[in-house]
Amino acid sequence: MSSETAMSVSLSSAVKARCSHFGHCGGCQLQNLSLEEQLEHKRKRVQSLLGPLGVEIGAAHASPQAWFYRNKMEFSFGDVYPPRPEGPALKLGLKPRGKWYDILDLQECFLLSPETPALLKAVRDWASGQGVLPYNSHRSEGILRHLVVREAKNGLDRLVLLVTAPAAIPSESFVDAVRAAYPATTVLWGVNGKVSDTAISDKIGPLFGPGFITETLRLPGQELRFRISPQSFFQTNTRGAEALYGLLRQWVASASVEAALDLFCGGGGITLSLAGVCGKIYGAELNAEAVEDARQNAALNGISNAEFFSGPVERLLAALLALGASCVIVDPPRAGLHPTVAAALAERGPARLFYVSCNPEALARDLGVLSARYTIVRAAVVDLFPHTEHVETVVELRRS
């Protein structure tokens, strides 16, 4: 939705956007609406998609933080075109709205942390001073591709990952530049030799620190610590995740689950959050690095009733369902469930199913398949991404 459309939702609640990049940056779309109007807009959006399935969405749950709530951001490098003889030659920031091929040279941002602009400036200055050029995908030339930053919101750990094309870089001066401007506890260098414009690295090595960060989730009556590797999935809003997982745990606890299956478990966030209300819980995840994190996180928290498996969920599902779990939790990526997974769950899934979704359109499609054999019991909207169109939805289903 464009900023103009967002404004038309309710002119009476329009507010001045905090960020000077609003309207150009692709990071936020709703900064010119009050937080209350943002929540209602998201609730109505989910309601319009799930309403035809008989779902009624109550008031949306607000994020505990409105600003500086993100614990991870991926910034992109790009060159200035047309080139300017006086410089600069490099941009570092986010994609402008509707311009995937360009980079908005970010000077301020209120999503990650107050230290972000100083870090971006320090990296720009380092690249300029060392003569390290940004990667140009059209010409397959240059070096610098992405800068990934992860932060522990309930701790002091900070991670900075520089992703480059295959080439040598002055790594010592990069570490010095980062740590002079930003309280990084670990700095890494990743190499992406693929053509695709992603921040996923073929290989990663530490330049400073342990190579990961540790975050804490504070749930009612329990604190959980999580080791987070640079490419492992962890909910982007730590305190929002505490609210989301706390709600999900209440629902699962009320179902008196003996054994549960958590599909797309990432580093074990949901799995370990539910371990205390399940007799046994199994997690499955494609990313082997995330599965290793999940296993270490279970050990870190002294949790012995969680077991993890690595591989594509669509290939593992038959064997996982044979474990006899009475409850399945799915938290798939934005594309939603693989068609074979949705069909298999509809055909052979257990008595209860909990669906956590970051994409209402994919959720509505998948619920259309699942509702052939399941009844939708309840649903809730949780805002983990203030000022953006993104929203999380939790749905409970029972086998008909």
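## Salt bridges

Glu40 and Arg43 form a salt bridge in which the closest N and O atoms are 2.9 Å apart; the term denotes a side-chain nitrogen of Lys or Arg within 4 Å of a carboxyl oxygen of Asp or Glu. The two residues are three places apart in helix α2, and therefore about one helical turn separates them. Helices (H or I, at least four residues) and strands (E, at least two) are DSSP runs, numbered from the N terminus. Glu40 counts as partly exposed because its relative accessibility is 27%, whereas Arg43, with a relative accessible area of 16%, is buried. Here buried means under 20% relative accessible area, exposed over 50%, and partly exposed in between (1.4 Å probe, protein chains only).

The model is predicted: local features need pLDDT of at least 70, side-chain atom pairs count only at pLDDT 80 or more, and totals for chains, interfaces and linings use all residues. Residues are numbered from 1 along each chain as its sequence is written, and side-chain values use heavy atoms, with hydrogens and water left out.

By the rule for salt bridges, the count comes to 21. One of them joins the side chains of Glu389 and Arg45 (3.8 Å, N to O). This pair links distant parts of the chain, since Glu389 lies in the loop between β15 and β16 and Arg45 in helix α2, 344 residues apart. Glu389 is buried, at a relative accessible area of 11%. Another salt bridge connects Glu141 with Arg139, the closest N and O atoms being 3.3 Å apart; Glu141 is partly exposed at 45% relative accessibility, and Arg139 is partly exposed at 47%. Arg352, Arg378, Glu396 and Arg398 are linked in a network of salt bridges.

## Nonpolar cores

A nonpolar core is a set of buried Ala, Val, Leu, Ile, Met, Phe, Trp, Tyr and Cys residues joined through side-chain atoms within 4.5 Å. The largest such core has 79 residues, of which Phe75, Val123, Trp126, Leu144, Leu147, Phe174 and Leu248 touch the most other members. Helix α5 (residues 238-254) gives the most to this core, with seven residues.

Apart from neighbours within four places in sequence, Leu248 is in contact with Ile270, Leu274, Ile329, Phe354, Val356 and Val394, contact meaning heavy atoms within 4.5 Å. A second, separate core of 38 residues includes Leu345, Ala364, Val391 and Leu397.

## Helix α10

Helix α10 spans residues 360-370, and its buried residues are Pro360, Ala362, Leu363, Ala364, Asp366, Leu367 and Leu370. These buried residues pack against α2 (35-50), α9 (339-348), β14 (352-357), β15 (374-382) and β16 (392-399).

At the start of α10, a side-chain oxygen of Asn359 comes to within 3.1 Å of the backbone nitrogen of Glu361.

His146 is placed in strand β4 and counts as buried at 4% relative accessibility. Its side chain is joined to that of Ser76 by a polar contact of 3.4 Å. A polar contact is a pair of N or O atoms within 3.5 Å; within protein, one must be able to donate a hydrogen and the other to accept it, and residues adjacent in sequence count only if both atoms are side-chain atoms. The side chain of His146 also reaches the backbone oxygen of Thr198 at 3.3 Å. Leaving aside neighbours within four places in sequence, the contacts of His146 include Phe75, Leu161, Val163 and Asp197.

Ser201 lies in the loop between β6 (186-191) and β7 (203-208) and is buried, with a relative accessible area of 8%. With neighbours within four places in sequence left aside, Ser201 is in contact with Val163, Gly190, Val191, Asn192 and Gln231.

## Cavities and pockets

On a 1 Å grid over the protein atoms alone, a cavity is a set of points where a 1.4 Å probe fits but cannot get out, and a pocket is an open set with protein on both sides within 12 Å along at least five of seven lines; lining residues have an atom within 4 Å of a point. Grid points are joined across faces, edges and corners, and a volume is the space filled by probe spheres set on the points.

The largest pocket has a volume of about 1,700 Å³. Of its 50 lining residues, Lys72, Glu74, Phe233, Thr236 and Arg334 are the closest to its centre. The largest share of this lining, four residues, comes from β1.
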